[in-house]
Amino acid sequence: MKPLAGLRIADFTLHAAGPFCTHILSQLGAECIKVESASRPDIFRKPHPVYGRMGPASFDQVASNKLSVRINLKDAKGIALAKQLVDVSDLVCESFRPGVMERLGLGYAALAAMKPSVVMVSVSSSGQTGPDSHFAGYAPLFGAWGALGYLTGYEDGPPVEMRHVMDHSVGMTAAMAAVAAVYRLRRTGLGGHVDVSAREVACSLVGEALLFAAAGGEPSRIGNDHLRMAPHGVFRTRDEDRWLTIAVRSDDEWQVLAKLMNAPALLVDPRFQTASSRHGHRQALHGEIEQWTMTLDAVDAERALQDSGIAAHLSCNMQDIASDRHLRDRGTVVDVEDTDGRRRAALRAPIRFSRSEVGMTRGTPRLGEDEDYVFGDLLGISNEERQSLMDQRVIY
Amino acid sequence: MAEGAFVPPLAGVTVVELSHGVAAAYAGRLFATLGAETVLVEPPGGNPLRREPPFLPPADEASALFAFLASGKKSVTCDPKTTAGRAGLNALLANADVFVHDLRAAERAAFELDEQSLKARYPNLIDVSVLPFGAHGPKADWQAEEINLIHASGEGFLLPNGLAAELFPDRPPLKVFGHFAEYQGGVVAALGALSALMNRERTEAESVDVSVQDAALAVGAFALQRLGDGSLEHRQTRSFKYGGVLECADGYVELLTLEDRQWRGLVELMGRPGWALDPALSDSLERSRRGAEINRAIRAWAREQRTADVVARAQALGVPMAKYASPAEVLAGEHERARRLFQPLDVPGTGRLPVLVAPFHVDGAAPSLKAGPPRLGEHQHLLAAERRRQQPVLATEAS
């Protein structure tokens with residue numbers, strides 16, 4: 001049994017952030033019915049040249065585990081059909097530009113008038129309100145608007161664009177807020193509207209820097225440095241492009257590290273006697289550390305440092321992650337079969353419950369794959385009526 | 001729901017937080033933001049995040065990190081190493097719905113807060129563990145800070161990309177600013193706790209095990225999907241084929257045109273330069289192939305532009321473009337003000353400051369925090385009140 005079993009979602013989301021929200025909720029047990037149409041299929045069904053992907057994704061981590069129906073939202077009868085779907089759902093999720101759902105007659109006010117208990121989650125780049133609410137945006141723009149992009153980067157370099165992790169952070173936050181609203185519904189009967197702003201999610205990830213700036217501080221790009229810890233960074237190892245991260249938190253850990261390095265001279269070096277002095281001379285200190293790590297195998301060094309209680313980890317590429325024993329043991333990385341029958345690594349929703357199950361039970365649905373169940377069983381539409389709606393390109 | 005009748009989603013929910021790090025603290029902060037009564041249990045010396053930089057000027061005493069993460073919470077001091085401290089904590093837990101913490105297995109056993117003891121004493125309590133690598137698995141006892149976790153989850157290896165990667169191809173990979181991975185751990189812990197609360201309504205309470213590494217990896221799902229497609233992503237090769245970070249005369253902007261109509265808008269924005277009118281470039285695959293050439297031209301054009309002007313014209317033409325806003329610019333932003341992203345709150349040791357409330361609205365309005373960050377032990381009376389309330393029960397148990 002999954003924790004959100006029994007919760008049904010009418011899913012109108014597109015692109016990455018919104019679909020990731022409903023994908024995670026579906027892995028937690030919600031039944032997610034994805035609404036698309038042949039005239040407007042999900043972007044993951046299409047090639048994506050700017051990303052350099054010339055073909056569609058064969059298995060994707062935002063559409064999998066969902067049911068698929070076709071509804072043409074450009075047709076009035078399609079809107080009526082969408083409302084029927086909302087009527088049998090607990091949660092409506094959408095990620096159109098603000099105003100589009102209202103224009104379609106599917107805005108929160110219209111749906112709440114029909115079904116007061118409806119919970120709606122809207123995901124957009126800047127939120128449903130405010131002077132910039134009409135702005136178009138993607139992950140790197142959310143990061144740019146929200147100061148996260150400005151603050152990320154080498155000290156002497158430009159800002160850095162946030163990629164898919166930004167979209168998916170928005171989706172994860174939306175999933176969390178959605179469950180909070182549904183939990184209120186279950187306890188009080190109150191529906192509601194959750195309006196998630198992607199640029200505000202970027203802001204929330206640098207909340208402490210914004211507060212520091214509000215008090216007159218000037219937060220800036222600091223690369224891999226930490227404001228207090230040194231050594232702290234990403235270090236070269238013996239092998240090309242195998243990097244080791246190390247963070248030393250205390251004097252005790254510094255002593256242990258110097259012993260591991262077999263470098264007693266560092267312990268008497270006046271530059272490295274106190275935490276603040278080490279921080280002040282971190283460039284020289286990091287040079288010393290790297291001379292040592294350059295002689296080591298990254299994984300062996302990671303193990304030796306962890307055995308001594310020092311925070312260290314390999315800088316993992318996705319191959320490392322796909323075969324990581326810890327992640328496999330936890331069930332975080334699992335093997336799934338894609339639509340071609342090939343096995344590949346995928347991610348289970350990142351929560352382990354003591355009793356409840358979590359995870360994917362099916363891959364990406366074909367467009368309209370679940371219409372017998374959704375239109376037939378759930379909405380009780382006869383085969384003749386469905387055929388007629390298909391002929392009229394309402395189910396299309 | 002009618003406007004003005006706002007009931008915070010978690011009104012009536014009680015959360016006890018015992019945290020050392022950012023992830024568990026952010027989970028508690030999300031509960032407080034959503035309206036739960038969130039009690040931060042601090043050791044007599046205070047939560048360690050009170051001592052983490054940056055410190056708020058001009059006094060440089062109060063931690064900005066702690067102030068942000070603890071806003072809306074209540075504070076009691078209570079030392080679970082002592083019998084009295086454990087009794088106090090137990091009094092709080094007896095009335096709580098959720099216990100969120102980042103205690104290691106050995107500490108849990110020493111404090112009698114292990115999963116089995118909690119379940120036996122508080123059958124309705126949702127026990128949420130948030131650790132760097134989770135409570136189970138071969139790395140459960142491993143140490144990690146943010147820089148280790150952002151790299152353990154794969155995103156660190158993939159940064160920077162775009163302009164910074166081009167400028168500094170030989171530098172080590174770069175972490176995201178601040179506590180990105182740990183914040184993901186906080187969001188996921190809150191999601192796990194809420195899912196368990198939902199489930200408690202029909203079955204019984206269960207415990208939740210969240211790993212910051214898992215959470216940060218989850219939001220990096222796309223790179224693992226690409227691996228399955230046969231492509232091992234690398235920071236030097238995953239840049240956008242054109243666009244991205246552009247240096248203007250007075251700062252940086254981000255430009256990303258994924259759709260043909262956005263590309264056409266960009267051509268307009270640049271004043272229809274000759275090179276961009278090449279008919280071959282109307283094909284998106286051709287643009288992808290000629291990305292480097294396009295980038296040279298776009299970058300030269302961008303250097304002549306002023307950010308405010310070019311972003312306004314871009315958005316009017318439907319071209320996705322944004323300024324890389326500094327924290328000060330975000331704080332002064334009209335849009336942020338209109339959405340009440342920041343709430344003025346008293347920060348002990350500093351004064352009244354705008355604190356980011358939440359990246360979402362509920363029922364048409366920004367949530368509202370009950371207060372700024374608490375002083376150490378500011379709500380100590382809660383402990384006494386709980387113990388008084390529970391005295392008859394405890395007496396019965398003792399007999």
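**Entry 1: what I'm looking at**

This is a predicted model, so I read everything here as computed from it. I started with chain A. I count 18 helices and twelve strands in it. Its C-alpha atoms fill a box of roughly 85 × 50 × 45 Å along the principal axes. Of the 396 residues in chain A, 64% come out as buried. I also looked at contacts with a sequence separation of 6 or more: in chain A, 68% of them are between residues 24 or more positions apart.

**Entry 2: α1 and α7 of chain A**

Next I took helix α1 (residues 17–27) and helix α7 (residues 164–188), both in chain A. Their axes come within 7 Å and cross at roughly 50 degrees. That angle is why I have α1(A) and α7(A) down as oblique to each other. The crossing is right-handed.

Who touches whom? From α1(A) I get A:A17, A:F20, A:C21, A:I24 and A:L25. On the α7(A) side, the residues they meet include A:H168, A:G171, A:M172, A:A175 and A:V179. Sorted by class, this contact has eleven nonpolar, two polar and one charged residues. A:D167 of α7(A) is part of the contact too.

**Entry 3: α10 and α13 of chain A**

I then checked a second pair, helix α10 (residues 251–260) and helix α13 (residues 282–293) of chain A. They pack at about 40 degrees with their axes 11 Å apart. That makes α10(A) oblique to α13(A). This crossing is left-handed.

The α10(A) side of the contact is A:W254, A:L257 and A:L260, and the α13(A) side is A:L285, A:I289 and A:W292. By class I get six nonpolar residues, with no polar and no charged ones.

**Entry 4: salt bridges**

I picked out a few.

- A:D307 pairs with A:R303, with the closest N and O atoms 3.8 Å apart. The two sit four residues apart in helix α14 (residues 298–307) of chain A, so about one helical turn separates them. A:D307 counts as exposed because its relative accessibility is 59%. A:R303 is at 45%, which means partly exposed.
- A:R344 and B:D229 meet at 2.7 Å, N to O. A:R344 is in strand β11 (residues 343–347) of chain A and B:D229 is in the loop between α10 (221–228) and β7 (244–248) of chain B, so this pair joins two chains. A:R344 has 5% relative accessibility and therefore counts as buried. B:D229, at 26%, is partly exposed.
- B:E17 and B:K73 form a salt bridge, again with a closest N and O distance of 2.7 Å. B:E17 is in strand β1 (residues 14–18) of chain B, while B:K73 is in the loop between α2 (64–70) and β3 (74–77) of that chain, so I note a link between distant parts of the chain, 56 residues apart. Both B:E17 and B:K73 are buried.

Which residues of chain B are linked in a network of salt bridges? I found B:D278, B:E286, B:R289, B:R290 and B:E293.

**Entry 5: α11 of chain B**

I went through helix α11 (residues 260–269) of chain B for buried residues. They are B:Q262, B:W263, B:G265, B:L266, B:V267 and B:L269.

**Entry 6: A:A215**

Last stop was A:A215, in the loop between α9 (207–214) and β7 (232–236) of chain A. Is A:A215 buried or exposed? Its relative accessibility is 17%, under the 20% cut-off, so A:A215 counts as buried. Leaving out residues up to four places away in sequence, A:A215 touches B:L56, B:P57 and B:L353.

Conventions
Residues are numbered from 1 along each chain as its sequence is written. Chains are lettered from A and ligands numbered from 1 in the order in which they are written. This is a predicted model: local features need pLDDT of at least 70, side-chain atom pairs count only at pLDDT 80 or more; totals for chains, interfaces and linings use all residues. Side-chain values use heavy atoms; hydrogens and water are left out. Axes are lines fitted to C-alpha atoms, for helices over the stretch in contact, and angles run from 0 to 180 degrees between N-to-C directions. Angles under 35 degrees count as roughly parallel, over 145 as roughly antiparallel, 65 to 115 as roughly perpendicular and the rest as oblique. A crossing is left-handed if the near helix is turned anticlockwise from the far one by less than a right angle, and right-handed if clockwise. Contact means heavy atoms within 4.5 Å. Ala, Val, Leu, Ile, Met, Phe, Trp, Tyr, Cys and Pro count as nonpolar, Asp, Glu, Lys and Arg as charged, and the others, Gly among them, as polar. A salt bridge is a side-chain nitrogen of Lys or Arg within 4 Å of a carboxyl oxygen of Asp or Glu. Buried means under 20% relative accessible area, exposed over 50%, partly exposed in between (1.4 Å probe, protein chains only).
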